[in-house]
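The following note concerns the contact between two protein chains and the make-up of one of them.

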Amino acid sequence: MARNREGLVLLLDVGPSMHRVLPEVQKICSMLIQKKLIYRKFDEVGIVIFGAEDTDNELTIEVGGYEHVVVLRNIKVVDGDIVEALQELPRGTVAGDYLDAVVVGMDMLIKKYQLTNKGKKRICLITDAQNPIKDPYKGTKDDQVSTIAVQMAAHGVRMETIIVRGRLGEDIDQRIVDENDHLLHLFSEKTSAKTVYVESPTSLLGALRTRDISPVTIFRGDLEISPKLKIKVWVYKKTSEEKFPTLKKYSDKAPPTDKYATHEVKVDYEYKSVEDPSKVIPPNQRIKGYRYGPQVVPISSVEWDAFKFKPEKSVKLLGFTNASNILRHYYMKDVNIFIAEPGNARAAIAVSALARAMKELNKVAIVRCVWRQGQGSVVLGVLTPNLSEKDKTPDSFCFNVLPFAEDVREFQFPSFSNFPASWQPSEQQQQAADNLVMMLDLAPPGKEEALLPEFTPNPILERFYHHLELKSKQPDAAVPPLDRTLKKITEPDPQLFSESKSVVEAFCKSFEVKENPKLKKSTRRLLQEKPSGSDDEGGYGDTSNALAIKSDESQLLAKADKIGDLTPVQDFEAMMSRRDNPDWVAKAIKDMENKICNMVENCKGGDNYCKALECLVALRKGCILEQLLPMAGTKTIQRFPSPSFQTLPGEKAWQFLGISCIKRAHIDFHIRSHRQ
Amino acid sequence: MKDIGCQYGILSGSRENSLYNALWVAQALLRKGSSRTARTTILLFTNEDDPFGSIKGAAKADMTRTTLQRAKDAQDLGISIELLPLGRPDQEFNVSLFYAQLIGLEDDDAAQFMPSAGQKLEDMKDQLRKQMFAKRIVRRITLLIANGLSIELNTYALIRPTTPGAIMWLDSVTNRPLKTERSFICADTGALMHEPTKLSQSYKNENIIFSVEELSEIKRVSTGHLRLLGFKPLSCLKDYHNLRPSTFVFPSDKEVVGSTRIFIALHRSMLRLNRFAVAYCGSSFHPRLVALVAQDEIINAGGQVEPPGMYMIYLPYTDDVRLIEEFHSESNVRVPRATDDHIKKAADLIKRTYLKDFSVCQFANPALQRHYAMLQALALEEEEIPDTIDETLPDEEGMARLGVVKAIEEFKLSVYGDKYDEESNSVGNGKANEASKKRKAAAENAANESANYDWADLADNGQLKDLTVAELKLYLTAHNLPVSGKKEALISRILTHMGK
């Protein structure tokens, strides 16, 4: 039993106004549970929905009231059943009362854990807060919320609220929204509650932190301003990349009947002499060799330890400098945060004073850090003020690692002004660029900032966990396509681009790009990878298609192993030029013939026809180059159903190929004799 | 770079063209080197600015011509010639007489050559031990802007942490290099297998199996390009939106003509409007949301300090950002904030300890410098390891200046009152203190308890194994030894400690 297990109740609004975001709610909640299943198996979760058609909770039996609140799952250790329940949330029919749900959730937590303070207790409320709560029997709504909040604080329950803001222009009662905002704000004043507002489905997916990590300090001690003035601080990591999970190697060698097979793979390392591979050297007989010029110098770890750089644990201020001296791109690593020692009021004031003064004067502090005793290096970094806007969170510093002299590579680049005039944008082009930069605004005033890192989920991890869930039900499930909501992270938002369509078009029109004609085809690269599972349909699929055609010639030639839809000619040429296996040529010709026939047969208008002809020309050229049958490709022409082409009759195809009538007759004869 | 160990002198009046010969020999030596990838440079040290000055007439013209031709041939073969002129006391070295032509200097450059060459020589003498990197494109990428319009960009790694360099495992007996062989063994059957192509993740008490292809397909969420998503004001890029070193982006017209023009236009607009671009970088290696921040060129007297271009900054996702500030704000108490007086005193302090011309590149990494110094000393079997200076230590003298001390004292007084000394004496408080008290109490307790055993006797009679782990740990705690490990490990640790 994990000591630090968490009890969590999800309160989900399923009322009619929530229906449009429920798919995202389902996704984020199941993601939360899935991660718990992997990283925190002992956590316990319950689900309550409100705004539902029926009523099913203990309180309604015990004291009455609390209608339309359904306890979907009682608090229990996380399992697959909870994930499934979350993926099929019932759609409710009435406007939900979130306060009822909060009370039910609280009641569940209190009944389950009583007063034992084991672990953490948390309530997570997801609602749009558009519907009024019922008037209490006595007192005001404010009083009621306060009472609940006091209870919550007494039981040490944390609350997290995610409010989904409707799009502007929808008819919502602003008065109710304001009242709800006020009431929910009361919670955060009285208890440790947090409220976040989200507007778009994408940020809703990022609003709930699905991985719960209890932070650990990397340093506790003094921030030495001078030997005479030391401020007590704690240092934590502020950002840390959540890595793709490390999967275990799997062995399928065990017989399928063996129930107790671990399927594990052991990795063994052996160290062998380069000159005599039969000689195995035990690991402790190895010694590290360091290069010094052409020779390798063996140095034992004892020697290193005796002489290596051993700084004392400390965090020392070197001085302050102008913020403009530290350019943003110098930041080297993930970010740490310095906060004053909790509970130490004087230190908090000192940090706050310095941070605010730094902000005012636009200065930053340069510090030298040795986090631990025995650490073999020092870290040079910059402290920037991180002022808090809320009363309850302290001011702090962000710490970023700066490069040393050795880490900066001083390469020279030409000045833009030295480029030829043909590379300089004209005034009109500059204007178009200005407009583009202004109009494609992801953080328009008065609206939610799109793709705010704090609210943007990692699309790859989302996809992995989604696939994991699918696989747990069906082991051979294919990789699912990237979710529509997540596509807004990897691809431009169609709405934003269509809103500023004229600007985008003007920009594209004022500039011209073309491929460098001097380059040989084979030297071109620009690998065009297709995203897996992409459904290239509609609006934005088209642009990527168009692009694919544009840069088609630059496809990685060596890799073509089948003839695709986008660039058949290039694929064909690539296949023909593959020399690793003679079969490629035969395969290429066969595939190409099929492709052309397909194109011709499935063609509705004349647009595919030209393409088919191009393919045909390529096919013929390829065949001649390979000195194969001179009639190659002509067989295919027979299949051109000439009546269906208004624009180009089949006859033209022959001309196009430059095959004269005489030869044609010869070929016809050839084919006929061949058939017989 | 190779040193040429032959000596030549120009004898005036002789018909021998030793400069020509020197170049010829140097070139031959360099050509002998097998590696085609190595950089080859001839360093030409001379104090004679006009090698053929003493020769007159056609012979001079002929010698000049052949020598220049020799130099040009060498340069055509990819050998660069660097001239390091050594000044003579009585006269200045005049490049334009002969050498400007030899190393291919233009008229304007020749004027600037001398001061920079002097600098070069100076640099060589006390050079920072620094790994040199050739300017290399990390990747070529395309930036898709909109409607199929895309431009070509090159990325460069301008800032990367330098490591002490790769190590090579050697056999400590023979000092011969070793190679590592990895083998995979099935834990169930014990059979040797190839590198497994299947990986598993335990989930819902089951092993869910993924193939390597599936995993790479999951990771491929976008084309391998940079896709422009939009722009944001620079204020949206917070200091904590950072994960790894940035990557420099510079346009190229090599394959897509017109790229540079578009890049310059966007670069200017972004600088002028104080905006950065948000893009999705879909490389298969590290797909991420990135910020493209435009950087204007900065030039000072010494040359280009910051090249013009954009920096790609890797942005975190929601689960990468931790809410530390809120972690400690559980109680509903307001946190103390500095008053205006505190802030004013802090501002005074900041003004006093202001580093005027700080630049990030001014400090060498003391650990790395130490490493190189040690390596050199051990490699050359020097007696002593030279001392390296830690430049990163604060300037104690400066801090002890009267003005600074006064500002610090005032700030201290305003924030801490006269209680500063009390606070610094109590080592931490709250949780940490409790834990350390507990630890101390446990150690004392263990010392008392462990006195009840006759450890030497137990060890001699081999009775330690009859004791429980808890009992063994008493000894270890009392003697401040680590208490981790299995019972055997504990026993052997006790025995080692007793010296048995």
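How many salt bridges are there between chain B and chain A? The points below take up this question in the setting of a predicted model.

1. Salt bridges. Ten salt bridges are counted between chain B and chain A. In one salt bridge the side chain of K471(A) meets that of E214(B), with an N to O distance of 2.7 Å.

2. Source of the contact on chain B. Helix α6 of chain B, residues 259–273, contributes 14 residues to the side that touches chain A, which is the largest share. By residue class, that side of chain B comprises 108 nonpolar, 52 charged and 48 polar residues.

3. Extent of the interface. The size of an interface is often expressed as the accessible area lost when the parts come together. Between them, chain B and chain A bury about 20700 Å², and carbon and sulfur atoms account for 62% of that area. The contact involves 219 residues of chain A and 208 residues of chain B.

4. Polar contacts. Across the interface of chain B and chain A, 68 residue pairs are in polar contact, with both residues at pLDDT 80 or more.

5. Chain B itself. Chain B contains 17 strands and 16 helices. It has 500 residues, of which 42% count as buried. Among contacts in chain B with a separation of 6 or more, 60% join residues 24 or more positions apart.

Terms used
Residues are numbered from 1 along each chain as its sequence is written. Chains are lettered from A and ligands numbered from 1 in the order in which they are written. This is a predicted model: local features need pLDDT of at least 70, side-chain atom pairs count only at pLDDT 80 or more; totals for chains, interfaces and linings use all residues. Side-chain values use heavy atoms; hydrogens and water are left out. Helices (H or I, at least four residues) and strands (E, at least two) are DSSP runs, numbered from the N terminus. Buried means under 20% relative accessible area, exposed over 50%, partly exposed in between (1.4 Å probe, protein chains only). Contact means heavy atoms within 4.5 Å. Buried area is the accessible area (1.4 Å probe) that two parts lose on being put together, summed over both. A salt bridge is a side-chain nitrogen of Lys or Arg within 4 Å of a carboxyl oxygen of Asp or Glu. A polar contact is a pair of N or O atoms within 3.5 Å; within protein, one must be able to donate a hydrogen and the other to accept it, and residues adjacent in sequence count only if both atoms are side-chain atoms. Ala, Val, Leu, Ile, Met, Phe, Trp, Tyr, Cys and Pro count as nonpolar, Asp, Glu, Lys and Arg as charged, and the others, Gly among them, as polar.
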